Amino acid sequence: LSTIDWHMREFTNTYPHIAVIKKVSVSEEEIPEPLKIVIYRIMQEALNNCARHSDARKVIVRLSRASDDLRLYIEDDGIGFNPEEIGQRGDPLSGHGLRSMQERAEICGGAFALQTGPRLGVRIEVRLPLSAAGMFYADNSRDDRDDTPQAYNRRAGDLSAGTAGGQARSD
């Protein structure tokens with residue numbers, strides 16, 4: 001949590017036009033060691049994407065516990081994007097950061113969801129199991145996993161009951 005605080009201060013110093021709101025309702029002791037770097041790297045990539053692409057004025061980072069899971073939400077009020085255009089921009093790295101965040105979550109037995117659309121901002125939701133078993137017994141087979149932008153939005157429904165991918169959501 002102190003590293004998250006440090007990164008948010010550095011982010012604010014580098015991008016003073018983006019307000020960062022941190023809402024953490026877990027203690028350091030509640031976060032298993034193997035998940036600490038996963039949470040940090042996902043948050044770091046999401047904030048970097050926000051700074052580079054979103055034109056956001058505000059980003060909210062939430063970390064909380066929900067029964068046997070940790071939940072990480074990163075939401076900005078930026079311009080959003082059309083997920084179906086990922087990989088079609090002529091940039092070979094387009095979507096690489098999103099895939100990296102998803103892979104980090106799934107390798108721990110968790111789930112990743114993206115909600116966005118043009119002019120809707122971006123909301124990333126990550127669910128990470130607190131159990132060590134979830135980190136070691138996850139099915140991370142790459143052969144049959146659907147990594148298309150449409151799949152990101154379908155998975156959003158798994159984490160947000162009643163919210164379809166691509167729709168804005170406010171808490």
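Two strands are said to pair if DSSP finds at least two bridges between them, and helices (H or I, at least four residues) and strands (E, at least two) are here DSSP runs numbered from the N terminus. The model is a predicted one, in which local features need pLDDT of at least 70 and side-chain atom pairs count only at pLDDT 80 or more, while totals for chains, interfaces and linings use all residues. Residues are numbered from 1 along each chain as its sequence is written, and side-chain values use heavy atoms, with hydrogens and water left out.

The chain contains five helices and five strands, which follow one another from the N terminus as α-β-α-β-β-α-β-β-α-α. The five strands form an open sheet of mixed pairing, in the order β1-β2-β3-β5-β4. Because β1 (19-24) and β4 (111-116) stand at the edges with a single partner strand each, one side of each is left without a neighbour in the sheet. From one strand to the next, the twist averages 10°.

Turning to the chain as a whole, buried residues (under 20% relative accessible area, 1.4 Å probe, protein chains only) make up 46% of the 171 residues.

Note on methods:
Buried means under 20% relative accessible area, exposed over 50%, partly exposed in between (1.4 Å probe, protein chains only). Axes are lines fitted to C-alpha atoms, for helices over the stretch in contact, and angles run from 0 to 180 degrees between N-to-C directions.
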